[in-house]
Amino acid sequence: MIDSGYIIAAYYFERGTDVGKLTSWFKRRPTNLSDSGQGGTNESLPPTHLAQTRQLLSKMKILPSKMRVNRATGTKPLYRRFWFWAGLGVSGGIAASIYGISLIDRTLPDQSELNAVFREQTLTIKAADGSILQQQGEATREQLKLEQIPDNLKKAFIASEDRRFRQHNGVDPQGIVRAGLNNLRSQGVVEGGSTITQQLTRILFLKQEQTIWRKLKEVRLAQKMEQELTKDQILERYLNLVYLGSGAYGVADAAWVYFSKTPDQLSLAQMATIAGLAPAPSLYAPDKNPEAAKRRRDLVLLRMQEDKVITPEQRQAAVQEPLTLKSSSPKRVQVESPYFTSYIQKELPKYVSANVLKSGGLLVETTLNPSWQKVAEEAVAKTLRNQGRWENFKQAAMVAIDPRNGEIKAMVGGKDFGKNQFNRVTQAQRQPGSTFKGFVYATAIATGKSPYDSYEDAPFVVDGYEPKNYSENFRGSMNIRDALTRSVNIVAVKVLIDVGFTPTIKLAHEMGIKSELKPTYSLALGSNEVNLLELTSAYGSFATQGLHAEPHGITRILNRQGKVIWSANFKSKRALDADSAAIMTWMLRNVVEAGTGGAAQLDNRPVAGKTGTSDEARDLWFIGYIPQMVTGVWLGNDDNRPTYGSSSSAAYTWHEFMEKAVEGMPVEKFPKRPKLDGRKGTIKAQSIKPKQMLNRSITSNDDDSEGESARNSDESGSSRRRRSRRSYSQEEQQSSDYTPKRRRRDRSESSSSNSSSESSTPRRRSRRVESDSPPPRRSRRESSPANSSGSSGSSSSPPSWRDRLRPPQ
């Protein structure tokens with residue numbers, strides 16, 4: 001057991017008790033336990049304990065002796081020494097710096113975002129060939145590759161903005177010191193300390209507020225960017241994004257805005273002028289302050305000479321060159337194909353989130369073919385300029401789609417986007433007229449009917465609804481193919497009754513019609529409104545043997561870093577069996593070759609399509625296709641005023657566009673018509689069971705030959721018909737005041753005639769307005785609503801055309 005004195009000594013040593021006192025205590029300490037007042041024997045301490053105690057005491061004497069020596073020599077303790085606090089301050093500063101850098105880094109963009117090539121809050125829309133259609137925000141119209149930028153222009157910017165660009169790592173301390181000294185000598189700001197890399201980070205990621213925190217973030221971002229990108233990549237982005245005044249972003253825009261040139265056409269003096277704009281575009285703009293611009297230009301040239309980029313002779317010649325401007329508007333404010341680009345902007349929310357759209361910096365690649373778009377615009381303008389004048393329609397629309405993938409290749413939404421931004425391709429809901437018959441007959445063919453199945457073209461009333469042919473003539477027994485070719489209304493309604501509302505509506509929707517379709521008898525004649533885009537897309541299903549692809553105008557969307565965030569992946573879906581689609585194409589080819597669509601024929605190229613005319617020729621349609629393209633045309637008036645034209649004008653417009661669009665396109669043939677014998681239907685018919693149906697025989701006065709000759713004459717577009725129509729239109733315009741109310745009244749009449757099938761005492765209605773045949777020549781009194789309603793119910797024969805032309809009694 002260790003002696004208690006030994007323990008006491010160790011205790012007092014730890015507490016710092018005076019060692020001298022402790023030593024004297026040990027000297028006075030009795031050697032026997034009995035002397036200490038404690039019980040026990042009077043035995044001496046063991047020799048080992050005495051040795052340990054003496055050894056401890058000898059060690060305890062060392063510290064006081066050293067402390068006495070330190071006091072004698074005057075040496076300071078550690079905590080009072082300068083180098084101790086200096087080291088502590090340095091280490092604290094390092095720790096604080098590390099913490100500050102980490103704090104800044106947490107507020108900076110991710111490393112992946114340092115590859116940004118577009119500013120925030122911008123939107124760029126490109127055509128299929130890469131040409132720019134529209135830009136919004138602080139966008140650069142032309143993004144040039146570094147090798148496309150003249151070498152002297154690049155060196156002018158480096159000499160002006162960052163003379164040690166190739167040496168520093170994003171921040172240039174020497175440049176900051178040099179700029180400060182130059183500014184002091186000049187008593188003004190003549191040189192900046194920010195590097196090109198710092199300026200690029202400010203353009204892409206930072207705001208322009210003048211704060212220390214923003215400057216720290218700028219420095220840190222510049223260092224990170226130098227690690228992520230090469231010097232050439234940084235310089236290329238900078239020269240494409242830097243703002244140079246007058247709405248110009250990047251050197252290409254500036255060359256155009258100030259000199260109406262491309263960068264490679266600029267002279268050395270002009271390059272120096274543009275490079276001198278970067279520090280303060282509003283101060284050095286040559287169109288606003290030419291004297292300041294010349295002084296800045298000469299300074300840039302001097303720096304280029306000092307950097308041995310140019311010779312003194314080159315500098316002298318450039319300085320003597322007069323500052324001659326040829327200003328142009330920034331290209332970024334120009335908008336090509338505005339109806340299409342406005343459609344694209346409305347489509348964007350379908351594919352990217354609201355947050356992505358809000359942050360901007362997007363590049364949208366579209367399907368538009370610029371050359372086809374130009375041809376489409378010319379065709380529409382020509383039709384409005386010519387036929388529109390004498391046929392009394394003021395608006396037109398056209399859309400062309402590749403039916404194989406659904407890509408929209410051309411879109412003209414109206415006459416003048418600047419005056420009216422309403423897109424008649426996507427926004428106008430109009431009655432399709434006889435173009436809807438294509439879906440009725442397609443349903444019939446898909447149920448197993450043959451195109452040679454016959455129906456009676458004769459007076460017909462079903463549940464109070466009485467469809468009539470536009471020519472008011474009847475042709476007797478005729479097959480489905482001929483009825484489609486001649487666009488006979490009565491046969492179309494009878495076919496609809498046989499196949500049913502539900503199968504017809506279902507097929508139309510699967511083929512691409514998205515608008516609501518109501519189960520009424522007038523459905524067969526196109527009384528339900530649709531828009532041109534969906535109608536054209538639906539006809540594209542015939543061109544692709546029954547496959548339908550969703551129409552779209554966007555192929556890819558890229559973010560600020562150039563990464564694809566969305567790409568089109570629309571899969572074609574089977575809407576109609578291939579045999580039925582091939583039979584329909586065979587029938588629709590006959591419409592163009594021998595029917596109402598004759599004006600759409602193309603030389604040495606098969607064409608299929610369908611015409612359509614709605615109430616009082618308010619809407620004139622033609623939807624036609626070849627294997628590689630389907631194009632739809634609509635002509636009419638926004639206020640729904642009647643026209644005096646026919647669907648042949650729409651077919652002619654289609655021909656004007658397609659004739660030029662297909663140049664250089666290989667000729668593809670439609671599939672052969674499949675065998676008709678033994679065909680089985682792929683759609684089950686759901687025949688309608690009318691409550692009341694009345695068939696009447698054809699009277700002797702319903703002579704078909706007269707109507708046929710009139711129709712052929714009308715569809716050929718003869719001058720006699722046009723003169724008659726012009727006189728008719730003048731008489732109509734003078735004697736009637738057409739308002740939108742007239743349109744609503746006609747629609748209500750149609751709906752009332754449809755709903756009359758539910759009544760036990762149906763009224764008889766006339767429905768002859770959906771046929772594509774032009775109106776027959778008749779007097780104003782003959783065309784009055786009282787005579788056209790067909791509600792008299794008389795079975796007597798209608799008056800001949802001679803009687804109709806007689807003046808009223």
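Analyst: Q121 is exposed, because its relative accessible area is 51% (exposed means over 50%, buried under 20%, partly exposed in between; 1.4 Å probe, protein chains only). This is a predicted model, in which local features need pLDDT of at least 70, side-chain atom pairs count only at pLDDT 80 or more, and totals for chains, interfaces and linings use all residues. Residues are numbered from 1 along each chain as its sequence is written, and side-chain values use heavy atoms, leaving out hydrogens and water.

Back to the backbone. Q121 sits in the loop between α5 (82-107) and β1 (123-126); helices (H or I, at least four residues) and strands (E, at least two) are DSSP runs, numbered from the N terminus. Phi of Q121 is positive, near 60 degrees. Most residues other than glycine have a negative phi. D463 also has a positive phi, near 45 degrees. D463 lies in the loop between β7 (460-462) and β8 (465-467). With a relative accessible area of 5%, D463 is buried.

Now the rings. The structure holds 15 aromatic pairs (Phe, Tyr or Trp rings, the six-membered one for Trp, with centres within 6.5 Å; stacked under 30 degrees between planes, edge-to-face over 60, tilted for the rest). F157 and Y238 are edge-to-face, because their planes stand at 85 degrees, with centres 6.1 Å apart. F157 is in helix α6 (residues 151-161) and Y238 in helix α10 (residues 231-241), so the pair ties together parts 81 residues apart in sequence. Both F157 and Y238 are buried.

F501 and Y521 form a tilted pair, at 5.7 Å centre to centre and 55 degrees between the planes. F501 belongs to helix α23 (residues 501-511), while Y521 is in the loop between α23 and α24 (532-543), 20 residues away. F501 counts as buried at 15% relative accessibility. Y521 is buried too, at 4%.

Ring pairs also join F436, F439, Y539 and F542 into a cluster. Next, the core. The largest nonpolar core has 85 residues, and F439, Y539 and F542 are among those with the most contacts inside it (a core is a set of buried Ala, Val, Leu, Ile, Met, Phe, Trp, Tyr and Cys residues joined through side-chain atoms within 4.5 Å). Helix α22 (residues 489-499) gives the largest share of this core, eight residues. A second, separate core of 53 residues includes V242, V251, F259 and A278.
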